[in-house]
Amino acid sequence: MRTLFNQSPVMHSCSANYAGYEGWKPRRITWRTLAGMLLLAGSIGSLFAGCGASSSPAVSSASASATPTPANQATLYAGFAAGYLIAFRASDGTVRWRTKGYTASPVVSDGVLYTASGADLVALRPQSDGVAEVWRTPLDTTALTSTPVLSNGILYVNTSGLTANRSAPNGSVFAVDANTGHILWRFQTHGSMFGAPVVTADAVYTGAEPASLMSTLFALNRADGALRWRVQRKEYVTGMAVLGGTIYVGSTDNTVAAFRVSNGAQLWSYRTPGFVDSLAVSTIGEASIVFAGSRDETLYALRASDGTLLWTYQADGFILAPVVVQGDLVYITSEHGYLAVLDAATGSVRWRTCVDHDTCTDPGGAIRFSTLLVAGQTIYVGAAFVGTGPSAGLPAEEAGGIYVLDANAGHVLWQYQSGIVGAEMGTPALADG
């Protein structure tokens, strides 16, 4: 199996969407709420087969062999937060197999899927009717909180946990060998973490919340996890993106800020009317542009060098999912189910469509966390239909699904409604046979 998409040697952007865990409203997260969120994250994994953490070392089942699919039939892999991993025939949405017990969207490389199973990081080899585990590594924590980032044979993951007496958050960043599952290094942030790290050629960047209404931005050596610098922030880091010598950070204090990657010195800050939930940066022509999705339902395009506003776009719904920039186009989704393609330099709309007219006309929304995948002439995006949140403060997804659209005009080519309680949480992974 050769990877087609969802793999790059250097990951440049990340949106953590911490504020989204508060029922989609801009509430403050308290210590009690944080503890409840982490405990619930751990209990979700234990409900499914294979999700329980183990005290044993990495489990090997390397003798499992893959059953290849026809070379002209690409496979789409989607992970649902409720613990299901599903393989589709990418051309028409036919379900190849569905398995239970894996709690994050996978990243795929060289015929192996890497994902989470509760508090364990796992490597899976696809079969004709499911998956076989290659290795399983417990990470001594409550839960993995994002899809792993794979770069040059190493997996980088953020986790959430609590101190031994459960009085405070205690998350970590792990670097794990993708071939063996061996832990290369661990850095404890002593804070809650809910998004993926950003990995560059020589550094790993992440954000954590050590206390209510506070956060810390960390820069670590990629080779050994040693701390380079840290910057204390008010409110919560919700998204990060790196370009050149600058890291751009979105926050629940309604700002986008730029920091020098060498020492963490702040270069500029731009304030929006709402939480900044989504962030990306890219060079368009001769200019570098930061794209920030705010809770005022607006996408802001800022000049990366100094934060000057270039243009805005009204999205008709919160922009909770990460913005995707490919070539000279910006792909943006909103919680009400709209998907739009914009000219990155000017903000002019190439096309805009609603993936589900019920959610677009009746706010309650479709596209939440899922990063869309642009693959050639096709767009894949996960969706959820959200109901009333439980007492722990988390939203209750009534059903998750996937929409597949023509990238040229926005027509829906096929869709899948799983009926599974739990939304597709990350970027779908696409590979050939």
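Which residue stands opposite L302 in β26? L309 does. This is a predicted model.

- Strand β25 spans residues 298-303. Of its 6 residues, 5 are buried, so the rest of the structure largely encloses this strand.
- Strand β24 covers residues 287-294 and runs antiparallel to β25, joined to it by 6 bridges.
- Across that pairing, F291 faces A301 in β25.
- On to strand β26, residues 309-314: 5 bridges join β25 to β26, and the two run antiparallel.
- β25 and β26 also form a hairpin, with 5 residues between the strands. There G307 takes a positive phi near 80°.

- Strand β12 (residues 154-160) is antiparallel to β13, and 6 bridges hold the pairing.
- V157 has F174 in β13 as its bridge partner.
- F174 also has a bridge partner in β14, namely R186.
- Strand β14 (residues 183-188) pairs with β13 over 5 bridges, again in the antiparallel sense.
- The hairpin of β13 and β14 has 5 residues between its strands. G181 sits in the turn with a positive phi of about 80°.

**An open sheet of four strands**

- The order is β15-β16-β17-β18, in an open sheet of 4 strands with antiparallel pairing.
- β15 (198-199) and β18 (227-234) are the edge strands, and each pairs on one side only.
- Inside the sheet, β16 (residues 203-208) and β17 (residues 214-221) run antiparallel and are joined by 6 bridges.
- L220 in β17 is the bridge partner of V204.
- What holds such strands together? Strands of a sheet pair through backbone hydrogen bonds, either parallel or antiparallel.

- H190 is not a glycine, yet its phi is positive, near 55°.
- H190 belongs to the loop between β14 and β15. Its relative accessibility is 49%, so H190 counts as partly exposed.
- N254 is another non-glycine residue with a positive phi, here about 70°.
- The loop between β20 (246-251) and β21 (255-260) holds N254. Is N254 buried or partly exposed? N254 counts as buried because its relative accessibility is 13%, and the cut-off for buried is under 20%.

**Salt bridges**

- The whole structure contains 9 salt bridges.
- One of them joins R136 to D120, with the closest N and O atoms 2.8 Å apart.
- This pair links distant parts of the chain, 16 residues apart: R136 lies in strand β9 (residues 131-138) and D120 in strand β8 (residues 120-126).
- R136 is buried at 9% relative accessibility. D120 is buried too, with a relative accessible area of 0%.
- E133 forms a salt bridge with R136 as well, where the closest N and O atoms are 2.6 Å apart.
- Together, D120, E133 and R136 are linked in a network of salt bridges.
- Elsewhere, the side chains of R350 and D343 meet in a salt bridge, 3.4 Å from N to O.
- R350 is partly exposed, with a relative accessible area of 45%. D343 is buried, at 15%.

**T115, a buried threonine**

- T115 lies in strand β7, which covers residues 112-117.
- Why does T115 count as buried? T115 counts as buried because its relative accessibility is 0%.
- A polar atom of the T115 side chain lies 2.6 Å from the backbone oxygen of A104.
- Beyond its neighbours within four places in sequence, T115 is in contact with residues including Y102, A104, S105 and P106.
- The contacts of T115 also include D120, L121, V122, L124 and P148.
- Among these contacts, D120 is also part of the salt-bridge network with E133 and R136.

Notes. Residues are numbered from 1 along each chain as its sequence is written. Side-chain values use heavy atoms; hydrogens and water are left out. Buried means under 20% relative accessible area, exposed over 50%, partly exposed in between (1.4 Å probe, protein chains only). A polar contact is a pair of N or O atoms within 3.5 Å; within protein, one must be able to donate a hydrogen and the other to accept it, and residues adjacent in sequence count only if both atoms are side-chain atoms. Contact means heavy atoms within 4.5 Å. Two strands pair if DSSP finds at least two bridges between them. A salt bridge is a side-chain nitrogen of Lys or Arg within 4 Å of a carboxyl oxygen of Asp or Glu.
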